[in-house]
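Have the viewer open as you read.

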Amino acid sequence: FAILSELTYGMHDLLASACAYESNSHSAGGGGGGGEQSESFEYFVVSRCGYVLTFALLYCCVPSLNREFRALFSGTIRRSIFAVSSASELLALFGYFLMSRALGLFYQPALVHAAEASLSQLFNLFLAFLLLRAFGVGRESAVGSPKAKVCSFVLVTAGLLACTIEDGRTA
């Protein structure tokens, strides 16, 4: 299932990139116009509606998923775990929204995805460190080699900045 999940995530990114590229190729001035932003928002809304409908269908049709879903509300799972999971999903939704906006503004998908991966790695490190140290939740290996991860973030960010600088001004 993990491979299928990564494959669908990659397909989502390709579709988002294609939509942003298509909307930007129609405008002479490149990214940043109002039309591109409304189209990226429309893509975000349509993709999230498709996401919800797909999972609603899966949870209705697959008996084991249906049982797990009902267990969420039966008290089997602690409310704190449910709350943290819900907050995580809201943050992921916000991340998808920001990615669709970024692709609408700057439609070179390689740079947008590099920035997304770099920020994701840094935020995952901070979250894992916070959860492990403050609440004792998680694996010690998740917070291993923080210097290398922060250094990777800095290098990717510097590379992205160098790619977006045009004649002394940022793109």
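Which residues in α5 meet which residues in α6? On the α5 side they are Leu111, Ala114, Ala115, Ser118, Leu119, Gln121, Leu122 and Leu125. Facing them in α6 are Pro146, Lys149, Val150, Ser152, Phe153, Val156, Thr157, Leu160, Cys163 and Thr164. Contact here means heavy atoms within 4.5 Å. By class, this contact has twelve nonpolar, five polar and one charged residues (Ala, Val, Leu, Ile, Met, Phe, Trp, Tyr, Cys and Pro count as nonpolar, Asp, Glu, Lys and Arg as charged, and the others, Gly among them, as polar).

Before going on, some ground rules. This is a predicted model, with local features needing pLDDT of at least 70 and side-chain atom pairs counting only at pLDDT 80 or more, while totals for chains, interfaces and linings use all residues. Residues are numbered from 1 along each chain as its sequence is written, and side-chain values use heavy atoms, with hydrogens and water left out.

Back to the geometry. The axes of α5 (residues 109-135) and α6 (residues 146-164) come within 10 Å and cross at roughly 155°, so α5 is roughly antiparallel to α6 (angles over 145 degrees count that way). Axes are lines fitted to C-alpha atoms, for helices over the stretch in contact, and angles run from 0 to 180 degrees between N-to-C directions. The crossing is left-handed, that is, the near helix is turned anticlockwise from the far one by less than a right angle.

Now zoom in on serine 118, which lies in α5. Serine 118 counts as buried because its relative accessibility is 4%; the cut-off is under 20% relative accessible area, with a 1.4 Å probe and protein chains only. Leaving aside neighbours within four places in sequence, serine 118 is in contact with Phe153, Val156 and Thr157.

What makes up the largest nonpolar core? It has five residues: Ala16, Tyr43, Met99, Leu103 and Val112. Such a core is a set of buried Ala, Val, Leu, Ile, Met, Phe, Trp, Tyr and Cys residues joined through side-chain atoms within 4.5 Å. Tyrosine 43 sits in helix α2 (residues 34-61) and, at 16% relative accessibility, counts as buried. Tyrosine 43 and alanine 16 are 27 residues apart in sequence, yet 7.3 Å apart in space, C-alpha to C-alpha.

Finally, zoom out. The protein has six helices and two strands, running α-α-α-α-α-α-β-β from the N terminus on; these are DSSP runs (H or I, at least four residues, for helices; E, at least two, for strands). Buried residues make up 18% of the 171 residues.

Notes:
Angles under 35 degrees count as roughly parallel, over 145 as roughly antiparallel, 65 to 115 as roughly perpendicular and the rest as oblique. Buried means under 20% relative accessible area, exposed over 50%, partly exposed in between (1.4 Å probe, protein chains only).
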